[in-house]
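Me: I have a structure open and want to go through some side chains. Can you take my questions one at a time?

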Amino acid sequence: HRWCQWLSALYPRGVYQGEQEKLQDFNKSLPEYIVEKLVRPAAAEGKIVVILAEEWQTAEAMCRIGDLARDNGLSDNIIAFWNANNTFGFENIDWEHLSRVSTLTTVSRYMRNLMRGLGLKTLVIPNGILSSLLADVDVRASASLRADLPGDLVLCKIARWDPSKCWESALDATAMLKAGGTAVKLWARGGLEPYGEVVTKKAVDLGLSMREVGTPGTIITDYDEPFAGANADIYNVKCHCPQSFLRVLYNASDAVLANSRHEPFGLVGLEAMAAGGIAFTGGTGEDYAIPFHNSIVLETTDPREMEEYLAFLKDHPETVRRIRKTAKETAREYTWERVIDVLIRKLEYQARLQGLLAVPRVGRPAPETPQVVSPGAETPAGALSRFTGYKGEFSNVYNFVRELKTEQLLRERADKMQQRAEPPLVFHNHDGAIYATMEELMEGLPLMSEETFKFHVDAMHNDFSNWIRDVYGEKKLAGDIGQAKDRAAAAAVLARFWIPMAPRK
């Protein structure tokens, strides 16, 4: 369902026109529909409903859904995740209320740390890309476009006209390279934001020529002629750019400048990598970016850093070839199919916390199909509750464990999971990732490739087990990790260590 369409018809100038009116209608009409039309019928069939919401505009509706479900005795039929894809609108959110009715998630460790600063606990579920973006780029189209952009270096940057996107750093680096005798072409695609005028003025002040280009066409060949006839340092593109063309552009460019001061995840950089491009990212939310392995990670906004790395790549074609190859391999790990698998694992984890899924016994592999416990059926935690004489309802395992006077154990294990190892004791993964805590390892295990896992684990050794034993002194946990046969099982061992479930026989 596309909600609020009757209101959208009254505001033809874009999604944000009439935003408050749309929000009022959304918050008033959606919660009751969700609970009565979806949750209640599902509960009657013994099913669990997963509710996923994203961005601040959905926070109030999520709170109301949670309250309405509770008032109707349906809370045990819902697993609710609310995702922060950015920090926009955080000041409008009642965090205490939202945290009470849903599990908070976000898209990167960078965003998780920002939210920790607000006292919020989150799970990380990365963004993803379509698997179709991994298809080979048409090399003839890429070569043709590159011929239309003659120069020693061809750069491209696609972002909103916004100071946080570091447009001025890109212009400064372009001007510095030009002053040093390098013929640079910058392909720029901004938005409709007024900051674009600031960028244009700065380009003029730096002595960079800028020309507006565009085409009414919709296929790749339509883009050849406008660029072939242009002669400028910067092409300010004023037309729609389909993904099919952008992939060719990313592949043809010497660098895709996806640098930002604040980037919650960085889809442009990942899409560029999927096309075999050289992505220059910022050092914030791009968890996928490993410097000089699959991309270039800029640690500052100093244009000299960008200039230095561009000059290095120009002089080291073998490094360029390797980065382009590993970039595409990395992007393969972030398709929606892979991300959905991570999401399902996190949903199962939360379902077990709420007592909605059975807890696998130690030594018995978890079933491939989750065992859903119908409302009213007794869970392991429920059985233990009855056995100990505990009569009250509990909303999650944390509250249950607290009532059993083992809150301290949870705290100690959480501290241990989040205890940071300092270099050189951090774990260096074969794929280039670095884990400084056991929590980061737990989150990284499902994302790494099977090849990477097998590099660290075989019949003779287990690097993950050794690291946990030698760095953290957790011998039993290390032994349990050593028995795990795959990535998911190893991650599950760490999750069970962090949040101990009901005692097992």
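Predicted model: local features only at pLDDT ≥ 70, side-chain atom pairs only at ≥ 80, totals over all residues.

Me: Which ring does the charged end of Lys-157 sit over?
Reply: The ring of Trp-167, with the charged end of Lys-157 placed 5.3 Å from the ring centre.

Me: OK, aromatics next. How many aromatic pairs are there?
Reply: The count is 15 aromatic pairs. One of them joins Phe-292 and Tyr-309 in an edge-to-face arrangement, 5.3 Å centre to centre, with 90 degrees between the planes.

Me: Where do Phe-292 and Tyr-309 lie?
Reply: Phe-292 is in the loop between β10 (279-281) and β11 (296-297), while Tyr-309 belongs to helix α12 (residues 303-315), so their pairing ties together parts 17 residues apart in sequence.

Me: Is Phe-292 buried or partly exposed? And Tyr-309, buried or partly exposed?
Reply: Phe-292 is partly exposed, at 27% relative accessible area. Tyr-309 also counts as partly exposed, at 21% relative accessibility. The cut-off for buried is under 20%.

Me: Which residues do ring pairs link into a cluster?
Reply: Phe-427, Tyr-435, Phe-453, Phe-464, Trp-467 and Tyr-472.

Me: Surface now. Which residues make the nonpolar patch?
Reply: Leu-130, Trp-336, Ile-340 and Ile-344 make a nonpolar surface patch of about 360 Å². Ile-344 sits in helix α14 (residues 336-353), and its relative accessibility of 35% makes it partly exposed.

Me: Last one, Asn-236. Buried or exposed?
Reply: Buried, with a relative accessible area of 5%. Asn-236 is part of strand β8 (residues 234-237).

Me: What is Asn-236 in contact with, leaving aside neighbours within four places in sequence?
Reply: With those neighbours left out, Asn-236 is in contact with Trp-161, Ala-188, Met-210, Arg-211, Glu-212 and Val-213.

Technical notes. Residues numbered from 1 in each chain as written. Heavy atoms only, no water. Patch = residues over 30% accessible without salt bridge, like charges linked within 9 Å, V, L, I, M, F, W, Y side chains within 5 Å. Areas by Shrake-Rupley, 256 points an atom, 1.4 Å probe, with all protein chains shown as cover. Salt bridge = Lys/Arg side-chain N within 4 Å of Asp/Glu carboxyl O. Helix = DSSP H or I, 4+ residues; strand = E, 2+ residues; numbered from the N terminus. Buried < 20%, exposed > 50% of the residue type's maximum accessible area, 1.4 Å probe, protein only. Phe/Tyr/Trp six-rings, centres within 6.5 Å; stacked < 30°, edge-to-face > 60°. Lys NZ or Arg CZ within 6 Å of the ring centre and 35° of its normal. Contact = heavy atoms within 4.5 Å.
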